[in-house]
There are 2 protein chains.
Amino acid sequence: MDTQQKLAELRSRLAEIADLNGAAAVLAWDQQVYMPPGGAAARGRIMGTLARLSHDRFVDPAVGKLLDDLQAYGDSLPFDSDDAALIRVTRRNYEREVKIPSAFISEFYAHTAETYQAWVEARPANDWAKVHPLLEKTLDMSRRYADYLGPYQHIADPLIDGSDYGMKAETIRTLFAELRAELVPIVKAITEQPPADDSFLHQDYPREGIEAFSKAVIERYGYDFNRGRLDTTAHPFAIKFAIGDVRITTRYPKHSLSDPLFSTLHESGHAMYEQGVSPALEGTPLDGGTSSGVHESQSRLWENIVGRSREFWSHFYPMLQAQFPAQLGHVGMDQFYRAVNKVQRSLIRTEADEVTYNLHVMIRFDFELALLEGTMALKDLPEAWHARYQADLGVHAPDDRDGCLQDVHWYGGLIGGAFQGYTLGNILSAQFYDKALQAHPDIPAQIGRGEFGALHAWMRENIYQHGSKFTAPELIQRTVGELSIKPYIQYLKTKYGQLYSL
Amino acid sequence: MDTQQKLAELRSRLAEIADLNGAAAVLAWDQQVYMPPGGAAARGRIMGTLARLSHDRFVDPAVGKLLDDLQAYGDSLPFDSDDAALIRVTRRNYEREVKIPSAFISEFYAHTAETYQAWVEARPANDWAKVHPLLEKTLDMSRRYADYLGPYQHIADPLIDGSDYGMKAETIRTLFAELRAELVPIVKAITEQPPADDSFLHQDYPREGIEAFSKAVIERYGYDFNRGRLDTTAHPFAIKFAIGDVRITTRYPKHSLSDPLFSTLHESGHAMYEQGVSPALEGTPLDGGTSSGVHESQSRLWENIVGRSREFWSHFYPMLQAQFPAQLGHVGMDQFYRAVNKVQRSLIRTEADEVTYNLHVMIRFDFELALLEGTMALKDLPEAWHARYQADLGVHAPDDRDGCLQDVHWYGGLIGGAFQGYTLGNILSAQFYDKALQAHPDIPAQIGRGEFGALHAWMRENIYQHGSKFTAPELIQRTVGELSIKPYIQYLKTKYGQLYSL
C-alpha cells in the first residue's frame, strides 16, 4: 500500500469505529429519554458489546502499524491540515488506549456500575458509609489509571488529560487560586446587600410555554432543529450521533421558569459546537469538541454571557411576558433581569448562580488533587466538605446528601479530571466572547435585536469547525493567546457592579 | 473444546450478533419516530456498518465449524429442546446466509435504496415509467437470489422461505384458490346490500382520547408497557430491541377513529408475540416470531377476531362513548359494531376491511409468482393490475398511484415472498382462536367482560414462548394439525352472516 492507500485504510477503520460509537450514542440517548424500564438489562449488554467492539477495533495493532507508517507523511504536512491532525490526534488517542489493560477496563465498568447503583440508593438515604468502601477502590483505580499513562508531573495530569488534554494540574491550581482570590470579595460584597426578589420565577409556568419560548430562542442562537431535537429527561444533556444529528434535553421541575429555560440555553451551546464541526472531519476522532473546558465555554457563553445579559432580555422579555402574561405581566424588565442574575451562597453546585458556581467547582478540584496525592484521606471527605463549604461559601449542609454525596461524577467514574472543565469553561467563555467583540464590536447591539449571527459565526470559524484538530491549549493559543482570568473577572465586575452598585 | 464449551462459544458469538441486531433495531425505530431530517445520511451509514458487522460475524467459517461439531449433539437431543432448536435453526440460517455472495448483498442494498427513493417520488407523481426499469432489475435480482438458494420446486420458494420458512408456493397457491372461491360469493352477497353507515367514525376525534382508550385496551390484552411503549409514525409498526423492550407505533389521520385504534390493536398483537418469547431464547436466533404468517395471525387475531367482535364492544363501547360523548353519545352499540365491520369493495389494501382484504393480497401473490415464472412481463403489470381489480373486486383505479404503485414492498425489497404472510395470518388467526376456544370455551364470555387472560395465556403457551424454535409448518403441526381455511371461512360466514342476515 502506498501512503494514500494507508490513509484510506486508516480512515475506513476509524469510520467503522465512529459508526459503532454513533450507534452507542443513539442507544444512550434512548436509554435516558424513552426506554421503558424493562429494556434496561438488554440495553446494558448491547452497549457493553458496542463499547468492546469499538475498543478492540481501535487498539488493533494494525491501527498502530498504519499510524507508524503514516507518521512521516503527517509530519510533512502543515500542522493545521486535516490529515496531519488526523494522524496526530489518532496516534495520541491510540497510545493512551493501548496503555490501559483490557482487564482494567472490564474491572472499571463493573466497579463503576456497582458504585453508581450504590450511590443512587445512598444519596437519598444520606448513607456515606455505604459508598465509602467502594469509593476507596475508585480512588485506588484512579491512581492505577494514572500510573498506566505515566510518567506524569502530577498524578492528576493523566486523569485531567482524559477530559482536558494538555492541561496540567499545577497550571489549573495556580489559575484557580487567582480566581478564588478575586471571587471571594465579589461574593462577599454582593451577599452583604439585600437579596434580589426572584419569587415570581417560582410560580406555575406551563411547560408548553417554556418549551415554545426556549425553542424560539435557541433557533435564533443558531441551533439547527433540522439537525437536532429537544426532549425531556431527569438531567439535561447534549449528545451527538453525527454532525447532522445533535440532540439536547432539558427538564421541567414544578414551579420553575429558570431551570428549564437556562438548561436549554446551556445545552444548546454544547450542541451548536458539535453541529458546527466541519463535515470533512466526520467519521474520524476529530469529529467532536476538543475538551470539556472548551465545551463548557460554549454552554456557559450561550447560557450566561448571552442568555443572562441585559441586551438579551431587552429584546426577549416582551416575548416572554406575552407568553406568560399572568405570571410576568406585572414584573418589570429590570426586576426580571435582577432575578435571573440573583447571587446567593448555596449548597448545591448545579443550582448555583454564575458568580458562586466556581467556588463549588474549585472545592471539588482541590479535593481530587488532595485525594490522589494522598494529602487527604477519603474517610475525612465528609467533614472536609463541610469545613470547606463553611470557609468558602459560608454555608453548612445539614447532611452528606447535600454535601459530598451530591454529585454523580466520582460515583460513576474516576476521581480526577471530573470538575476542572466547568470553571475552565467559565474563564474561556469570557475570553472567547471578548475576542469576538474585538472582531465585531456591535455584537451587544445585535443581541439587543435578537440577532446572534456575528457571534455564532465567530465561534464557528474559530472554535466549532475545528472539532478536535487542536488540543485546548493549542486552540487557546490560536484564538486568545493564553488562558487568563482577566476577561472573566472583568465581565463579572462590570455586570454585577452595575447590578449591585458595587 | 468439549461439546459444552463449543456450545458456549456458539452462544457467545450469537449473542454478539444479537446485540448488533438489537442496536440496529433501536436505530431503525429512532429513524422513523424521532430522527431529525439532518440525521439521515449518517444513520444510513451507521446502519449499514452494523448490518455488515452482523453478517460478517454470522457467516464466519468458525460458526460453520462449530455448527458441524455440534450437529451430533443436537441430533442426540429431543427435537423440542432449546439446544436442539438452537443448533438446527442456526444451521438453517447459516446455510442460507453463506450462499448469498457479499457482492450481491451490497448490490441489493444499493439497488433497493435507489428504487425506494424513486418510488417515494414516483407514487405521488403516478409515474410508473420512473420505477419500471428499476423494478426490472429487482425482478432479475429476485431470480438470482432464488438461484443462489436453489434447487427449488418453484422459483418463489426460496423467497417465501425468507419470510415464511417451509411454506411452498404450490401449497399456498392451492390454498389461496380455495379461499378465493369461498370469498368472492361472500363479498358479492354483502356488497349487494346497502352499505353500513360509518360516517360518525369520520368526525374529529381528539388524538389524546384515542390514545388513552387504545392504551387501556392493549394493556388489558396483556401488552406490557413496562417492556414497551407507543409512539406515532407515518406507518404503524412493531419492533423488538429485546424481550424487555418491544415497541409499537400508530398514526392519527385527521377525522379517523378506526385507523389509529385498530392499527394500535394490530401492532399490539405483533408486540405481545415478541414480548412472550421465552427469556431462555434471548441473544439467539430463536428470539423472535417464527414467520410472517404466524406473526400476522397474532396482529389480526387481536385486531379483528377480538377487537372487532360483538363481545369486545359490548364491554368497551360504553368506555369509548364516555371518552367521546359528543361524537358517539347518540350512536347505538349495534350501529357502531356494524360500522367497524363495514365491508366494501375498495382500491387500497391497507384500508381494506377484514373480508375483502385477502382478495387484495392474493392478487399480489399471484403476480409475484407469474413475474418470477416469466408467465407475465413486468411491463404489463399496470394493466394486469387494473384488470384483476376489476375482475376480483369490481373496482378500477383511476391511475397507477392507487394501482401497482400503492405498496412499498417490491420497491424496497425483492419480488417474491412479500405478501402471502398477510393472508396466511388471517387463516391462522381463526385456526388458533378455534383451538384456544376448544381449550377454554368461555373465552368469548371473558372478552365480554374485558378479560383476555385465558386467550393470551393460550397464545403464549402454544405460540409466543417458542419464538423461532419451530418453523411455521412445525408450529402448525403442533398446534392445529394442518393449515386449513375452514375455521376462517366459518368465522367470516358466522359473523357476517349475522351482520348482513345472509
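**Salt bridges and a buried threonine**

A:Lys495 and A:Glu354 are both buried. In this predicted model, the two residues are joined by a salt bridge in which the closest N and O atoms are 3.2 Å apart. A:Lys495 belongs to helix α21 (residues 486-500) of chain A, whereas A:Glu354 sits in the loop between α14 (333-340) and α15 (357-373) of chain A, so the pair ties together parts that are 141 residues apart in sequence.

Over all chains, the structure holds 92 salt bridges. One of these is formed by the side chains of A:Asp392 and A:Arg180, with an N to O distance of 2.4 Å. This pair links distant parts of the chain: A:Asp392 is located in helix α16 (residues 381-393) of chain A and A:Arg180 in helix α8 (residues 169-191) of chain A, 212 residues apart. The relative accessibility of A:Asp392 is 4%. A residue is classed as buried when its relative accessible area is under 20%, and A:Asp392 therefore counts as buried. A:Arg180, by contrast, has a relative accessibility of 32% and so counts as partly exposed.

Chain B also contains a salt bridge of this kind, in which the side chains of B:Arg123 and B:Asp402 meet at 3.0 Å, N to O. Here too, distant parts of the chain are linked: B:Arg123 lies in helix α5 (residues 102-125) of chain B, and B:Asp402 in the loop between α16 (381-393) and α17 (420-439) of chain B, 279 residues apart. B:Arg123 counts as partly exposed because its relative accessibility is 24%. B:Asp402, at 22% relative accessibility, is likewise partly exposed.

A network of salt bridges links A:Asp30 and A:Arg43 with B:Asp245 and B:Arg247.

A further site in chain A concerns a threonine. A:Thr284 is found in the loop between α10 (258-275) and α11 (292-306) of chain A. Its relative accessibility is 9%, so A:Thr284 counts as buried. A polar atom of the A:Thr284 side chain lies 2.7 Å from the backbone oxygen of A:Leu281. When residues up to four places away in sequence are not counted, A:Thr284 touches A:Arg11 and A:Leu86.

Notes:
Residues are numbered from 1 along each chain as its sequence is written. Chains are lettered from A and ligands numbered from 1 in the order in which they are written. This is a predicted model: local features need pLDDT of at least 70, side-chain atom pairs count only at pLDDT 80 or more; totals for chains, interfaces and linings use all residues. Side-chain values use heavy atoms; hydrogens and water are left out. Helices (H or I, at least four residues) and strands (E, at least two) are DSSP runs, numbered from the N terminus. Buried means under 20% relative accessible area, exposed over 50%, partly exposed in between (1.4 Å probe, protein chains only). A polar contact is a pair of N or O atoms within 3.5 Å; within protein, one must be able to donate a hydrogen and the other to accept it, and residues adjacent in sequence count only if both atoms are side-chain atoms. Contact means heavy atoms within 4.5 Å. A salt bridge is a side-chain nitrogen of Lys or Arg within 4 Å of a carboxyl oxygen of Asp or Glu.
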